[in-house]
Every structure is written in structure tokens, then in C-alpha cells.
Amino acid sequence: MKFIYLGIAISLASPSASAAPVTLFKAGTCRTAIHVPPRYMDPKGPSPKASRDEIEREPGRVRVRESVKDLAAYLGKITGTTVAIYPRPPKVEDKLIPILIGSYGDKMFGPFTMKSGFKQGYRFVVAKNAVGMQGETDEGISYAIYELLDGLGCRWYVPGDLGEVIPSMKTITLAERDIKQVPGTVSRGVWFADDAFKRRNRLGGFAFTAGHALEGYITKAQLEKNPDWNAEIGGKRALHKCDVGYRLCWGNPNVSAAVAAKISADLNQRHVPCVSISPGDGIDFCECARCKKLDTGDWDPSMSRESITDRYVHFANQIAASVAKKHPDVKLGFLAYVQFTRPPLREKLHPALIPQLAPITYCRAHALDDPTCESRAQIRGLLEGWGKVSKNIAMYEYYFHLAEVAAPFPAIRRNVVELPVQFANNVTMWTPETLPNFESFTPGLHLGIRMSWYSKANPRDVLTEFYTTFYGGAAKPMGDYWQHIDDCWTKVPEHAGCGFSYMRRFTPERMATARKKMDAALSACKTPMETRRVKFADDSLRQHELFMKIRRDYFAGRFANLGADSDRWIKTHQALAEKYKENFSFTKTGYAPQTISVSYFNAFYNNSYKDVARIGKDFAIVTPPLLTWSYAVDKKKQGQALNWQKPGLADKDWKKTDVSTQTWATLGLDRYFGPVWYRTQVKLPAIPTGKKVYLWIGATDGACKVFVNGEHVPHVDAKGKKAPEANGYCDPFSFDITRSARSNGNNQITIVGTRTFLNELGIGGLLGPVLVYREK
């Protein structure tokens, strides 16, 4: 049997040939009522004297209660009727077809005996005299309830009423069926949405965890008593602090035994289904001979260092084997992350171990089948490699662009291509990191949420249903709009994070096309709700249009309005976050009430904007922004010895770069750490006698060393401290070049940019324009 809703077929089950239709609503008359055991509908929580079991079961009870309320409310909305909820078994005199919840369904249809590995099973029964909704757990009962609503066409695309799509029908007739199913994945979740949205989209499942935790199982006192348990880093075996404790020596079996003992003791006190053994954040781990002996020599190009996965898995296997002796049903989650992202070559995983693949250092714009993206193409190997050694993988995908989360970023192609590959390689836990960014990631979020339940669905069919039911009359132009935005990401061979690639990605022509498509969508809306939904995306696009205007003005030397436009962008973004707060959009969170987008804007761009606006007001700018440079990579760090700073250097064979549109990722240097030399010539006008002249560098990723006409120019900070180079991240710097500059003449400028910060953005060197200014 298939329910058909607005032309979209949703497979539920195949009834028997003799199945008879069961009519719950006919011509606007309700012929059904919901019967639920009274304990579920109790508005009160557990008493102060409640047992631990009662307390731990309370979330499931509440989930059923709220699901039952939804069932009555949405059946009523669909049919224009009122559906009663009775906290009792049905009576003969009710003369209605009962919808039986939980144990009431057990009595009618027999106990639900299905046993799934992670207790996710549910049963949805339609018989001629009753409907049943049962589950392996209370959560499973909730799944069965939404199986009916989902099949009728109810959708919740975005939190709040904005995202609610409810069909209208006066008659609801179901064929007899008996569905016993489990979700396509056993764990599904988003970080930011209300409980109702999560419940209605059947998010939840197995309580997987893999947060940074490992070092927290060993106390400082234990490490001081057993110094050989400490990691050896930089030649010193000592206490090396990380975010959750002190680094450990994974090659020492006493350490794994102590970790296992602590986990087992904790489980004796409070049983949980999953415990994390992920190391603390960072990239510094033990360097002792015993640990290195466990490595395989596998090189990780994303980290530019040797993989230590086999070492970690060897250590984790020892912990798992010990814990499993007393707690065989407990899983141990860990991040496949930084130097242990790549799959093991030698070690096999203990069955209790569940890796969570977290490709933090990989490109997010493209899909794994893109031949132009070497970084993303490696994801397939990671999935296939981990899939061979583990029956259960958690996928910690990133559902936002790295370090700039305000631009529209639907990730359509990435999800269409990669979700089926993930599920085919034992990704059974869909555990992405998300933000309150439904306005900018709408199609991608829905694809992930929907396919985490229906893992074998065709992603293109999921998208078609989304556009048709969410946008209605504007479905075609909105589909065109989102596809165009996705093309801006996927069809541009740029791999850098943050907004430093946007001048290349979002050209004026592409932005004009986006506006044309959005305006067409606004004109196509037929209802006020359709207008609201399109305006939701339009507000996001308008913010991005202003963002790109600021970027273009910055690189073109139009500095007068930078400050005002930046303030307007910030205030508007915060106002939109407030306007759409119930929709979990525009990135407002408890830890970033000013919004994450504004935090990034201030961290990566606004210092430069404010500084150059100040310079334009208080000084005389004497050159246009210097954007085009000759450059050379100095891997051997011999540039200065080879006189690359000299004016007469023959640099005609050096490559060219435009720092407004090309990042180090564009130049193939996204994994490079070291110096790159930039050279250019600029003619300065006559400088009035006694006026100081400065070279301004808009932003860098790391250190910058300056030579003017072959002379080294030190950097002097605001406190008067002199240094041979400036060093910072996305900070503007001014260098006093008065002594070296030639008034009314040509000047050769050399800048040595050295990437000194390990980050996943794939940038380096010059991140903004360079110009010369003088005192008025």
C-alpha cells in the first residue's frame, strides 16, 4: 500500500490481498477516538520518592503524551473535526473505531515482540475494528503515532508554524495493514530545534555520545603517582593539559585498565547505554617509543602528519574488552577525528566500539564525487574504510559552512550524493553538528532529517516533495533559487572556509541571478503562508547581498560606508534572529546571544573594516588597494638568503594571485604551513615633508614580514613594542615605511606571509587588500 499525497508516493507497507478499507473520518464526521493508558497522560512528573527507573523512563512517557496530543490535534486539523482522547480502554457503547496506544494495542493485537539491536522497533496496525500503535519502547510508540500522520502528508520542515504543512481532507480511509519496522538509522538528531519539531520528525533514538572525555577518567593524583601514565610530548613525560584532563600514554596497558575500571565503576552507579572515550580536543598526543610502535606509518594529508588511528584503536579495544565483561550491552563511542580520522589498517574494532566520523578538516562545499575537490573525495575512502571494520558508524557531518554561517548554503548536491553513500557504508547514526540556521540551510537540513528515517529514499524525490508542499505556487522558482545557490558552492573550485572565498564564489553576476530567481518566487506566491516562507529565504538572501556589497566595497577601496554598512548588517541580523527565534534561525544561541554569525563577522572581518574606515577618515590614502601580487612558495625557507626582497629581483616567472578572489586553497596551498613571498610595485605620489607614510595590511593568516625597496621594516604595535614581523589572525597591521618609501617614485613592496595557526579554513598569507596611506 502507498499513501499518495500531492503526487508524492510514500511507501508504508503492502496490505494483504483481502484487506478492507477502514474509514476513520467520513465527510467531516469523526468515527474514531484515541485510547491511551492513563499513566501517559498524567500532567505531573515523577514524585520526589520516585525510583531511578521511573525517573529514567519519564522522557519516554512525556514523549508519548505529547505525541498523543499531536495525533488528536492534527487529525482534527486535517478533517476539521474534534478527536477525543480517553485515558481508558474503549467501551462497546463508544461505537467508534478506537486508536489503541501502547499496552491497549497489546491487548487487542498481541504483545509487540520485535527485538531490534538498539530498541527502535515500532508497530502500526490497521484492522477493521481498531488501529494500534505499539513500540519496543515508549519512543517506539511515538514513532508509530507519527507513522500515521506522516503517511497522511503531515510535514514539519522548520520549527514553528512557518514550517508546518498539514493537508486537508474530509474523509480518511486506511487499508488494513500490520507494519513492524525500525527507522533507517538508530540515532538521529539536530542540535537546535524545539522538542516538538524533533519529536514530529522522529528524531532521537539510541543515546549515542562521543564528546571529548577520555582524559577525565584519570585523576591528576593518579598521574602523579604513576608518572609513566602521562603522555610524552616534546621530549617530556609530564602533565600535559588538555580540555578534559591531562594527556595519556595510550601504549601503556595500565592506563587502559585504569580507564576501563573508572567507566565500569560509573556504570555500576548509573547505567547508560553509551559512554564516550574520545580524547580531549587538540592535536598533541604521546610521542613515546611504545606509542609510536603501535602506528602504521599511514600518512594523513588532511592533517599533514602521520595517522595514529591504529594506536588509538588498540588502546580503545583494551578498554572495550574490559568494560564488556561486566557491562556487555554498553557501547563506547569515540570521535574519528584529527590524527585518528583515517580508518585503521591493522586493528579490528571491538563490537562495543562505535566510531563517530568527524571530517572537520575537509572541504564542506563539494561532494565526494567531485574530481576537482581532492579534500572531499577522501571522504569516500574514510566511509568505506571505517565501514569495513565497524557495523555501526556515527556520522558527525557539519551542516553549516565553516566559520561563516550567514550565507545561504543548502548543501543539496553534497547530501544528494553523500547520504546514500553514508548509509551504504554502515552509517547507522546520523549525528550532525547543526546550528540555528534553518533560513540558510533549509533544503539540506530537511534532506538529512528525512533520509535519516527513510535511509533508502531517493533524495531527489525528497527534495521534490519539499519544494512542492512547502512553497506551493512558488515551488518552481524556489527550487531554481536553491539550486542556483548550491551551484555557487559546488561549481566553483574553491575550498576555503569562512567568507574569504566569497568574492570568487558569489560574483556580482551570480548574485544578480539569485535576486532574479528570488523575486520570481515572491511573485509566484499564492497564499500568505507561501509568502512568509519565501520571505524567510529572502531575508537571508538580502543579508547576504549586503555582506557581499561590503566585501566588494572593501576590495575596491570604497571605504566611506564600510562602518555604517557593517553596523547595519549586524543590527539587521540580530533583528532577524529575534523575528525568527521560534524557527531557530539566524544563528542566535544561548552561548552567542549576539548570534554566531555576528560573532564570526566581528572576528574575521570587522576589525579590518573598522580600521580602514578610520584610516580613510583620519589619514590620506595614497594608493588604490593593492590586490594583484607575484608570489612564490618558500618551502625551504631560503627566500631572504636568495634576496627575494631585493628590488631588482627577476621575478617575471613568479605566479600571479589576486588576494581578493584567491585563497591559499585556490592556489593549492590549503595544507601548506610555511612562508609565501608576495611582491609588487607601486608608484607613490609626492609625500609632503615631515609626513609619515604607512603600509597597511588588511588581514593575514599568521605572520607577515615587510620589506620596502629591499629594506626590512619592523612592526611596532600600539604599545610601542618593536618586532621583526607582525603576527595575528584576521587582524589589520600598519607598518611605518617613512624611511624606506620613495616619494613621487616607484616602490617595490615585498611581504612574507607565513601560516602559523593550525586551522581547517585552508587559508594563509594575505587575506585582504594592502594600501599605502600618509598623515594629512
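Two strands are said to pair if DSSP finds at least two bridges between them. Helices (H or I, at least four residues) and strands (E, at least two) are themselves DSSP runs, numbered from the N terminus.

Residues are numbered from 1 along each chain as its sequence is written. Because the model is predicted, local features need pLDDT of at least 70 and side-chain atom pairs count only at pLDDT 80 or more, while totals for chains, interfaces and linings use all residues, and side-chain values use heavy atoms, with hydrogens and water left out.

**Strands under cover**

Strand 31 covers residues 693–697, and four bridges join it to strand 37 (residues 733–736). Five bridges join strand 31 to strand 40 (residues 770–775). I697 takes part on both sides: it stands opposite F733 in strand 37, and its bridge partner in strand 40 is V770. Is strand 31 mostly covered or mostly open? It is mostly covered, with five of its five residues buried; buried means under 20% relative accessible area, exposed over 50%, and partly exposed in between (1.4 Å probe, protein chains only). V693, L695 and I697 lie on one side, and Y694 and W696 on the other.

Strand 30 (residues 675–684) is mostly covered too, as eight of its 10 residues are buried. One of its residues, W677, is the bridge partner of A632 and stands opposite V752 in strand 38.

| Strands | Bridges | Direction |
|---|---|---|
| strand 31 and strand 37 | four | antiparallel |
| strand 31 and strand 40 | five | antiparallel |
| strand 28 and strand 30 | four | antiparallel |
| strand 30 and strand 38 | 10 | antiparallel |
| strand 5 and strand 7 | four | parallel |

**An open sheet with a helix across it**

Six strands form an open sheet with mixed pairing, in the order 6-5-7-9-8-13. Strand 6 (85–86) and strand 13 (177–181) stand at the edges with a single partner strand each, so one side of each has no neighbour in the sheet. Within the sheet, H35 has L100 in strand 7 as its bridge partner. Helix 2 (residues 52–79) lies across strands 5, 6, 7 and 9, running at about 155° to strand 7.

**Two helices side by side**

Two packed helices are described by the angle between their axes and the distance between the axes. The axes of helix 18 (residues 562–579) and helix 19 (residues 596–618) come within 9 Å and cross at roughly 165°. Axes are lines fitted to C-alpha atoms, for helices over the stretch in contact, and angles run from 0 to 180 degrees between N-to-C directions.

Which residues of helix 18 meet helix 19? Among them are L562, W569 and I570, and their partners in helix 19 include F601 and Y609. Contact here means heavy atoms within 4.5 Å.

D567 also lies in helix 18. At 37% relative accessibility, D567 counts as partly exposed.

**A glycine in a loop**

G282 lies in the loop between strand 20 (274–276) and helix 8 (289–292). At 25% relative accessibility, G282 counts as partly exposed. G282 touches R247, V338 and Q339, not counting residues up to four places away in sequence.
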